[in-house]
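Visitor: I'm new to reading protein structures. Could you walk me through this one?

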Amino acid sequence: KGLNDIDGMTCTPAEGAMYAFPKVELPAKAFDEAAAQDQTPDTLYALSLLEETGICVVPASGFGQKEGRVGFRTTFLPPEDELNSAIVEFKRHHEMFCEKYA
């Protein structure tokens, strides 16, 4: 349940940690747009997520991820009801973002 239920997102369970590092699949046009803005694709995604939902995540490119991997770091400290609301917003944003750059 959670981020793994979102089509195009995968996340290894974070056992005992307070951070999760989901991998995000993005359309090719998102990579083109990121390059046009001189940004990494995960920065483009993170800024869009913040602007559209108010959810702040850290682009994973700052953590030395493998080339071609797009993702972000997030915490999961909120109470479960708030976390569930955040998952709904992650899903809504991901669908909107992928549609925009399809």
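Visitor: Which pattern does the protein follow, read along the sequence?
Guide: Before we start, this is a predicted model, where local features need pLDDT of at least 70, side-chain atom pairs count only at pLDDT 80 or more, and totals for chains, interfaces and linings use all residues. Residues are numbered from 1 along each chain as its sequence is written, and side-chain values use heavy atoms, with hydrogens and water left out. Helices (H or I, at least four residues) and strands (E, at least two) are DSSP runs, numbered from the N terminus. The protein has three helices and five strands, and along the sequence they give β-β-β-α-α-β-β-α.

Visitor: What radius of gyration does the protein have?
Guide: The radius is taken over C-alpha atoms, and the globule rule is 2.2 Å times the number of residues to the power 0.38. Those C-alpha atoms fill a box of roughly 40 × 25 × 20 Å along the principal axes. For 102 residues, a compact globule would come out near 13 Å, and the protein agrees, with 13 Å.

Visitor: What order do the strands of the open sheet have?
Guide: Two strands count as paired if DSSP finds at least two bridges between them. β2 and β5 (residues 72-75) pair antiparallel over two bridges, and two bridges also join β4 to β5, again antiparallel. That gives an open sheet of three strands, in the order β2-β5-β4.

Visitor: Why is one side of β2 and of β4 left without a neighbour in the sheet?
Guide: β2 (19-20) and β4 (58-59) each have a single partner strand, so one side of each has no neighbour in the sheet. In other words, both stand at the edges.

Visitor: Is His93 buried or exposed, and which residues does His93 touch?
Guide: His93 sits in helix α3 (residues 80-100). Its relative accessibility is 0%, so His93 counts as buried. Contact means heavy atoms within 4.5 Å. Not counting residues up to four places away in sequence, His93 touches Tyr45, Ser48, Leu49, Glu52 and Thr53.

Visitor: Which residues is Phe97 in contact with?
Guide: Phe97 is also found in helix α3, and at 1% relative accessibility Phe97 counts as buried. Leaving aside neighbours within four places in sequence, the contacts of Phe97 are Leu26, Ala30, Leu44, Tyr45 and Ser48.

Definitions and conventions
Buried < 20%, exposed > 50% of the residue type's maximum accessible area, 1.4 Å probe, protein only.
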